[in-house]
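Good morning. Please look at the model first.

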Amino acid sequence: MSYEIIKINETTYRIEEDHVRFFFLIGNQRALLVDSGLSVTNTREIAESLTDLPVSLLNTHSDPDHIACNHQFESFYMHEADSFFYFNIMPKPGKLLPLKDGEIIDLGDRPLEIVTLPGHTPGSVGVLDINHRVLISGDPIQDGMIFMFGPGRDMTAYRDSLRKLDGYRSRFDSIYPSHGTFPVEKELIDHLYEVTADLSKYPHRDMDMHGQIVDCVDTGIAKFLISQKK
């Protein structure tokens, strides 16, 4: 188990693992973990070491590298569109608190707005930290590897989600992704939309992902892992 707790400001932390990061946000009344990591075994302990306030959990989506310590919480926020996969892999899943687009979760003078961003998974969400003018994007907005192969991945929905963020541009200045460079600028959204218009023109190579051979497309902006054509 290897991780690093990095203080962004007095009420915001990021926890860095080898392949993923997750976030901890503190308000006046309670605190929120955004995702629970991959290989860490003490996510709740980490959070409670940083505040005396009650701690809740929100998952940006249900991929395994974001839910490792969910069992340490009695309940968790997640979009219902990701719940089928989640409840099929988690031995102690806890109680689902379903998220809706536009919903506000207030930590006490720290309102967080839920922005649904389907495509990477059906229930992917971003978290708009309104007062801090930051979008916590999960996996869809990043310059690392974006998984777009297997059940539930939908490139058309993904590109629609990128365009949806046009309506939010005036409300955030920076993006906190779960992978890749931290932070990234919002101009990355436009670059991702542009390159995904036609992935065939970028270099492709085979990659073994957990025993499955997928097509890795390097756009120079991010790498997209897509299913191979039969």
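**A helix pair and its chain**

Helix α3 crosses α4 in a left-handed way, where left-handed says that the near helix is turned anticlockwise from the far one by less than a right angle, and clockwise would be right-handed. The contact involves Y158, R159, L162 and R163 on α3, and I189, D190, L192 and Y193 on α4; contact means heavy atoms within 4.5 Å. Of these residues, 5 are nonpolar, none is polar and 3 are charged. Here Ala, Val, Leu, Ile, Met, Phe, Trp, Tyr, Cys and Pro count as nonpolar, Asp, Glu, Lys and Arg as charged, and the others, Gly among them, as polar.

This is a predicted model, in which local features need pLDDT of at least 70 and side-chain atom pairs count only at pLDDT 80 or more, while totals for chains, interfaces and linings use all residues. Residues are numbered from 1 along each chain as its sequence is written, and side-chain values use heavy atoms, with hydrogens and water left out.

How are two packed helices described? By the angle between their axes and the distance between the axes. For α3, residues 155-164, and α4, residues 187-195, the angle is about 150° and the axes lie 10 Å apart. Axes are lines fitted to C-alpha atoms, for helices over the stretch in contact, and angles run from 0 to 180 degrees between N-to-C directions.

Now the chain. The C-alpha atoms fill a box of roughly 50 × 40 × 30 Å along the principal axes.

Note on methods:
Helix = DSSP H or I, 4+ residues; strand = E, 2+ residues; numbered from the N terminus.
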